[in-house]
Amino acid sequence: AGLRSGDMTMPEEINRLMTDSISDWFFVTEPSAVTHLHREGKPDSAIDYVGHVMVSNVLYQAGKLTHTDTSGFETSTLKAAKAANGGRYGVITLRRRSNVDSAAMMTRISGALKEIAAELPLISPVHPRTWGNLEKFGIDLGPNVTLVGPQAHMAFLNLWNDAAAVLTDSGGLQEETAALGVLCITIRENSERPITVDEGSNVLVGTDPARIVAEACKVLRGEGQQGRRPHLWDGKAAERIVKVLGREL
């Protein structure tokens, strides 16, 4: 509850506001959410800072991954191919309409990705709408960007958890990478998850190609933002939520 980007062109932002407007209890993942909910008139007695259930899941899945046979994953084959050429690679996910539905914007971002890929090979599980727009706009990301279809959660985690950096416009990946300490370059002008920037390993770069490339170059030089796992992102969020609901109900 309480996450806000301030960008009303995002369907997710409208959904967040509508959901919080009819809720009785607000379980928040970071301090900024508490501030937003107070500003919107929610009483402090209804707000509980409990951590993050999605982070609890990714921590569990990451632990499970260490004991999983990943040889059948397409992503393992892709990683092995990159290992044969020095080992380092980056991962891209782009799906936000403001980035991929405009030919001009997608051309700008694609130019930055091609420049980065000349130094750091990139792998991109491509959202169907993004793939369609790449074809429609005639955009070629070049030989150093490997395009694959959407991946199941564990197979995708297997890919990005070992990446030198993740370049994304996803909200969830900002949090998941912060939880596991993977460098993240967020290609958006805003974030509803500012703790990933303030404390975590996420850098918000907007859509300026020069800045996207500059942050990627920092990663290549070993200067990327390291950060730390935010407070209460410890795998115990569900326990705290159940405790609150037990008290209230």
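Analyst: A residue counts as buried under 20% relative accessible area, as exposed over 50%, and as partly exposed in between. With that scale in hand, we can turn to the model, which is a predicted one, and which holds 18 salt bridges.

One of these joins the side chains of Arg 129 and Asp 101, with 3.5 Å from N to O. Arg 129 belongs to helix H7 (residues 128–137), whereas Asp 101 sits in the loop between helix H5 (97–100) and helix H6 (103–117), so the pair ties together parts that are 28 residues apart in sequence. Arg 129 has a relative accessibility of 27% and therefore counts as partly exposed, and Asp 101, at 38%, counts as partly exposed too.

Another salt bridge brings together the side chains of Arg 228 and Glu 199, at 2.8 Å from N to O. Because Arg 228 lies in the loop between helix H11 (209–220) and helix H12 (237–248), and Glu 199 in the loop between helix H10 (195–198) and strand E8 (202–204), this pair ties together parts that are 29 residues apart in sequence. Here Arg 228 counts as partly exposed at 46% relative accessibility, and Glu 199 counts as partly exposed at 25%.

Arg 4 and Asp 20 also form a salt bridge, their closest N and O atoms being 2.8 Å apart. This pair links distant parts of the chain, since Arg 4 is in the segment before helix H1 (11–21) and Asp 20 is in helix H1, 16 residues apart. Both Arg 4 and Asp 20 are buried.

Finally, a network of salt bridges links Glu 13, Arg 16, Glu 175, Arg 188, Glu 192 and Arg 193.

Key:
Residues are numbered from 1 along each chain as its sequence is written. This is a predicted model: local features need pLDDT of at least 70, side-chain atom pairs count only at pLDDT 80 or more; totals for chains, interfaces and linings use all residues. Side-chain values use heavy atoms; hydrogens and water are left out. A salt bridge is a side-chain nitrogen of Lys or Arg within 4 Å of a carboxyl oxygen of Asp or Glu. Helices (H or I, at least four residues) and strands (E, at least two) are DSSP runs, numbered from the N terminus. Buried means under 20% relative accessible area, exposed over 50%, partly exposed in between (1.4 Å probe, protein chains only).
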